[in-house]
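Thanks for making time today. I would like to walk you through one model, and I will give the cut-offs as the terms come up.

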Amino acid sequence: MRDFLQRLPKAELHLHIEGTLEPELMFRLAERNHIALPYADIDEVTEAYRFRHLQEFLDLYYQGMDVLRTPRDFHDLAMDYFVRARNEGVMHIDMHFDPQAHMQRGVPLASVMQGLLSAVRHAERTLDLSVGLIMAFLRDRPVAEAAALLEQARDYWPYLSAVGLDSAERGYPPGRFADVFARAGELGLARVAHAGEEGPAAYVREALDELGVERIDHGVQCMADEALVERLRREQTVLTVCPLSNVSLGIYAAVTEHPLPAMWEAGLNVTLSSDDPAYFGGGMLSNHLACAEAFGWGKSTFLSLGRSAISAGFMPEARRQTLL
Ligand code: ES4
Ligand code: ZN
């Protein structure tokens, strides 16, 4: 099964590039940029990565990315992950990135974009990997800041596939960002949003109705709302589900408790992703293996999930045909 899952052509539709920062690279970049880390060694980092809920993770995630300063840092971060993912059979990645988390600490948008774009170009040339870029807005920051970022990113609009919405969910309903998402739609960008991760099923409906999103990141809380499940099934809305992430953040006690089998049985258009692989215990292959073990899924289920993700990825149609 491991061999099959590794070879299976996979598209990862929900991946935060800042969440791929492995402790080894964090130490290397800290040294290169003369930054003191709150950890003595890698064991201390691993020890710290025990989260009771989303906010505990976010605190360390925003702290960890402080080592990212220069275009070269962002390039190295992304290339490191692209190589690892490609070795796990990942052929396409739709990659979230969080400009506000960098700009807030004085790193210019241009540094982030130069580094990420050069890594994407390099990967597409040398790794047979395609990459879509999703510029994410932090929902726990002011709406006006998100609106300003979208305008500031004008030079990069042609390189973006979509805008997204992430960070702390509870108490930050998606509808507040309706105007920003409407503007992104006018610019021809696709729209996705995290919803129903920790927050209620109502946020999933709100993201669909008020933000016009075509995919929901996570969405697992939809299972509490029968009418919403029926709608998601009818509309075949893609849900980018991240089982190891959900377990790491205490949303479910174990993968065996995860609603993925019920979502699949309900006819929902689910796909598998890793979210923040450096923080949640592994990448695409680990997530697939965890599902195989916990749910007893066979090859045909994984083939179908893989095809769903490839069908929904932000990639040129010619590329999609080579992967399907
Ligand atoms: C995230 Cl797991 C998760 N949830 C919400 N926002 C995020 N940003 C990075 N990882
Ligand atoms: Zn996420």
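**Sheet, helices and ligand shell**

Let me begin with one strand pair: strand S6 (residues 215–218) and strand S7 (residues 238–241) run parallel and are joined by three bridges, and within this pair Arg215 stands opposite Val238 in S7. Before I go further, this is a predicted model, in which local features need pLDDT of at least 70 and side-chain atom pairs count only at pLDDT 80 or more, whereas totals for chains, interfaces and linings use all residues. Residues are numbered from 1 along each chain as its sequence is written, while chains are lettered from A and ligands numbered from 1 in the order in which they are written. Helices (H or I, at least four residues) and strands (E, at least two) are DSSP runs numbered from the N terminus, and two strands pair if DSSP finds at least two bridges between them.

The pair belongs to an open sheet of eight strands, ordered S1-S2-S3-S4-S5-S6-S7-S8 with parallel pairing. Strand S1 (10–16) and strand S8 (269–272) each have a single partner strand and stand at the edges, so one side of each is left without a neighbour in the sheet. On average, and with direction ignored, neighbouring strands of this sheet are turned by 25° against each other. Helix H14 (residues 284–295) packs on the sheet, where it touches S1, strand S2 (90–97) and S8, and its direction makes about 125° with that of S8. Contact here is C-beta atoms, placed from the backbone, within 7 Å; axes are lines fitted to C-alpha atoms, for helices over the stretch in contact, and angles run from 0 to 180 degrees between N-to-C directions.

Turning to helix H8 (residues 143–152), its buried residues are Ala146, Leu149 and Leu150, where buried means 20 or more other C-beta atoms, placed from the backbone, within 10 Å of a residue's own, exposed 12 or fewer, and partly exposed in between. They cover an arc of only 100° around the axis, which puts them on the same side of H8, the arc being that of the directions from the helix axis to the C-beta atoms. These buried residues pack against helix H6 (99–103), strand S3 (130–138) and helix H9 (178–186), whereas the face turned away carries the exposed residues Ala144 and Glu151.

Which residues are around ligand 1? They are His16, Gly19, Leu54, Tyr61, Asp166, Ser167, His194, Glu197, Ser245, Asp275 and Asp276, taking C-beta atoms, placed from the backbone, within 6 Å of the molecule.

Methods: Two residues are in contact if their C-beta atoms, placed from the backbone, lie within 7 Å.
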